[in-house]
2 protein chains.
Amino acid sequence: MVRARPRISDVARLAGVSTATVSRALSNPSMVTAETRATVAAAVKATGYRLNLTARNLRHSRTGGVLALVPNLANPFFSQILSGIAGVLGPAGYNLLVADTRTSDPETLLAYAEPSRADGLIVLDGSLAAESLARVPLVEACEWIPGLQAPRVKIDNRAAAKLAIDHLVGLGHRRIGHVTGPTQNVLSIARLAGTHEALAEHGLTLPDSAIYHGDFGLQSGQEAARQWLVQDPNTRPSALFLASDEMACGLIGELHRQGLQVPRDLSVVGFDDIELIAHIAPPLTTIRQPRADLGRIAAESLLRLLSGEAAPEGDHILPVELVLRDSTAPWAD
Amino acid sequence: MVRARPRISDVARLAGVSTATVSRALSNPSMVTAETRATVAAAVKATGYRLNLTARNLRHSRTGGVLALVPNLANPFFSQILSGIAGVLGPAGYNLLVADTRTSDPETLLAYAEPSRADGLIVLDGSLAAESLARVPLVEACEWIPGLQAPRVKIDNRAAAKLAIDHLVGLGHRRIGHVTGPTQNVLSIARLAGTHEALAEHGLTLPDSAIYHGDFGLQSGQEAARQWLVQDPNTRPSALFLASDEMACGLIGELHRQGLQVPRDLSVVGFDDIELIAHIAPPLTTIRQPRADLGRIAAESLLRLLSGEAAPEGDHILPVELVLRDSTAPWAD
DNA sequence: CTGAAAGCGCTTACAG
DNA sequence: CTGAAAGCGCTTACAG
């Protein structure tokens with residue numbers, strides 16, 4: 001037979017006090033005498049009482065949860081970020097809810113950004129509509145929604161592109177190409193713009209023929225390789241900066257299959273520094289994003305927002321770093 | 001000025017009906033007349049009313065959430081699984097909560113498996129204490145907790161090991177080694193046992209010197225490579241079956257750095273079929289686990305449990321598959 | 001079909 | 001320091 005969960009009134013009855021006193025003894029011990037505290041503690045133990053969080057949340061007009069809106073949960077890129085978020089939210093007493101924005105229909109999405117579902121949002125998808133989110137406190141992380149007023153935690157994507165380009169130019173490359181992320185994506189746009197700018201500083205240009213349109217995924221890196229392979233070896237890029245490591249892997253894999261070598265035939269710089277790419281052949285030179293830190297700081301910013309502190313001024317920009325490995329080599333025409 | 005959220009009573013007043021009628025019109029439309037329905041709908045629109053889920057949940061004595069207990073959120077292995085879970089839970093109206101069991105202290109962990117926090121649990125960590133979970137409906141996925149009575153969704157790890165070993169034996173290998181996962185892990189144990197069994201069927205054995213103790217991570221694969229490298233080339237394994245693709249990557253990377261080639265010098269079979277390893281050099285032969293399906297089916301089983309259906313009999317075993325790529329080659333001593 | 005009222009299980013301002 | 005009571009915002013058995 002299933003006994004119903006004990007409620008606070010069960011504890012009160014057993015302890016011979018009011019429910020108010022039990023509540024105080026539990027959540028504000030200093031408000032009751034040591035003796036009361038002990039009596040209540042004994043009654044709690046005897047009944048096996050555990051606080052009903054839903055009831056407390058209703059009373060406090062809060063949900064106790066924070067929702068992370070992830071563009072694609074299946075993408076390993078987000079694991080570290082979620083881990084960083086969870087590491088902050090858990091100890092702070094918040095539940096971490098996650099939802100995949102790509103696989104949810106707009107209706108569902110609207111229902112997600114709902115004050116009764118989560119106390120706050122961590123938005124990792126820059127393609128969402130600002131209006132649908134406006135009802136809940138939120139911070140943006142990694143990506144951002146143009147026009148949306150909210151604290152942002154991100155990297156300087158243009159500066160990152162400059163690191164990559166400067167490195168390649170320093171190695172003697174003059175024909176440098178770029179493999180983009182999804183066309184509309186804010187990161188893609190920033191990284192492409194940064195590539196243009198950095199090349200310009202060196203008196204170089206990025207012709208359309210050296211721009212390969214990808215989507216951050218493996219397949220599109222492979223596709224970029226195929227496009228590059230059919231271009232004139234004398235005029236095609238001698239080096240490629242890719243907007244993600246995954247695409248770089250796809251590209252290198254395809255090049256290998258076609259009998260070409262990286263970096264001998266093509267220098268490659270990736271983006272993200274996902275764990276595996278230090279161990280592939282060749283180990284990939286890339287731009288490191290502090291993914292766990294991005295998650296951690298986004299969560300901390302949101303907690304500050306929820307506790308009523310003033311929203312931080314300006315964006316929170318985290319440093320990136322060029323990690324030199326073996327996928328780039330000097331070049332002389 | 002901040003206007004409080006409208007409540008159901010605001011809608012009722014405007015519509016000139018009782019709160020009960022509003023509630024019915026919203027969650028059980030067929031219980032009210034079409035006219036009432038229209039009046040209520042208009043009042044909802046006019047007030048901008050949205051249901052407070054916490055209140056409804058309290059009333060229904062449920063939380064509306066399902067908690068996934070993940071051993072390590074930072075591990076990309078779980079992204080696809082979470083994605084599979086989210087794909088089922090979202091449409092069913094449940095929130096997906098996630099928590100990292102490794103970074104949570106036992107106290108916190110106990111508080112997680114709390115009926116007032118989640119209606120059900122999807123347990124992905126086989127190292128948790130059965131007692132701490134017993135209070136909430138749950139299913140186990142991938143890993144399992146010995147002694148815990150709960151529906152399990154998993155693969156046949158022994159059969160998977162047999163696929164790998166049969167393949168290697170078929171190529172002529174006689175000295176076959178195994179790189180394990182963490183010693184206490186149920187998957188490690190099953191895969192090691194499966195390796196023993198499969199070798200025995202071919203009249204072969206797995207000497208201690210051919211067992212390398214890893215932890216599923218990249219570094220430990222690298223470490224296994226170092227151990228193998230210092231063993232006598234004439235007696236050390238000519239082929240290795242590893243309990244994870246990550247370890248296989250770490251191992252191959254280290255072998256390359258030492259000037260050895262896979263599969264020329266060593267045949268390698270991994271486990272999991274994570275996306276990237278199809279694109280490394282050499283593309284890895286491995287055992288494919290249907291990760292998204294594992295998550296999906298675990299979520300479906302839990303929903304069935306929560307809806308009061310009888311728990312399914314026995315474990316739900318999903319098929320694995322040997323994916324042949326280029327990291328294994330014939331061998332003749 | 002609809003309404004009045006009780007109740008889900010807490011917390012807290014108020015009074016003593 | 002403690003208690004009685006109201007209330008967080010819903011839903012539903014009961015009555016009409």
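## Interface between the chains

In this predicted model, chain B and chain A bury about 4000 Å² between them, with 59% of that area on carbon and sulfur atoms. Three residues, B:Thr54, B:Leu276 and B:His279, supply 16% of the area that chain B buries against chain A, more than any other three residues. The size of an interface is often given as the accessible area lost when the parts come together.

Chain B contributes 49 residues to the contact, and chain A contributes 49 residues. Between chain B and chain A the count is 4 salt bridges. One salt bridge joins the side chains of B:Glu114 and A:Arg50, at 3.3 Å from N to O.

## Cavities

The model contains 3 cavities of 30 Å³ or more. The largest cavity has a volume of about 60 Å³. Its lining draws on both chains: A:Leu73, A:Asn75, A:Phe78, A:Ser79 and A:Leu82, along with B:Leu73, B:Asn75, B:Phe78, B:Ser79 and B:Leu82.

Helix H5 (77-89) of chain A and helix H5 (77-89) of chain B each supply at least two residues of this lining. By residue type, the lining of the largest cavity comprises 6 nonpolar, 4 polar and no charged residues.

B:Ala118 lies in the loop between helix H6 (106-112) and strand E3 (120-123) of chain B. B:Ala118 counts as buried because its relative accessibility is 1%, and the cut-off for buried is under 20%.

Beyond its neighbours within four places in sequence, B:Ala118 is in contact with B:Thr63, B:Gly65, B:Val66, B:Leu67 and B:Val136. B:Lys45 is 73 residues from B:Ala118 in sequence, and the two are 31 Å apart in space, C-alpha to C-alpha.

Technical notes
Residues are numbered from 1 along each chain as its sequence is written. Chains are lettered from A and ligands numbered from 1 in the order in which they are written. This is a predicted model: local features need pLDDT of at least 70, side-chain atom pairs count only at pLDDT 80 or more; totals for chains, interfaces and linings use all residues. Side-chain values use heavy atoms; hydrogens and water are left out. On a 1 Å grid over the protein atoms alone, a cavity is a set of points where a 1.4 Å probe fits but cannot get out, and a pocket is an open set with protein on both sides within 12 Å along at least five of seven lines; lining residues have an atom within 4 Å of a point. Grid points are joined across faces, edges and corners, and a volume is the space filled by probe spheres set on the points. Helices (H or I, at least four residues) and strands (E, at least two) are DSSP runs, numbered from the N terminus. Ala, Val, Leu, Ile, Met, Phe, Trp, Tyr, Cys and Pro count as nonpolar, Asp, Glu, Lys and Arg as charged, and the others, Gly among them, as polar. Buried means under 20% relative accessible area, exposed over 50%, partly exposed in between (1.4 Å probe, protein chains only). Contact means heavy atoms within 4.5 Å. Buried area is the accessible area (1.4 Å probe) that two parts lose on being put together, summed over both.
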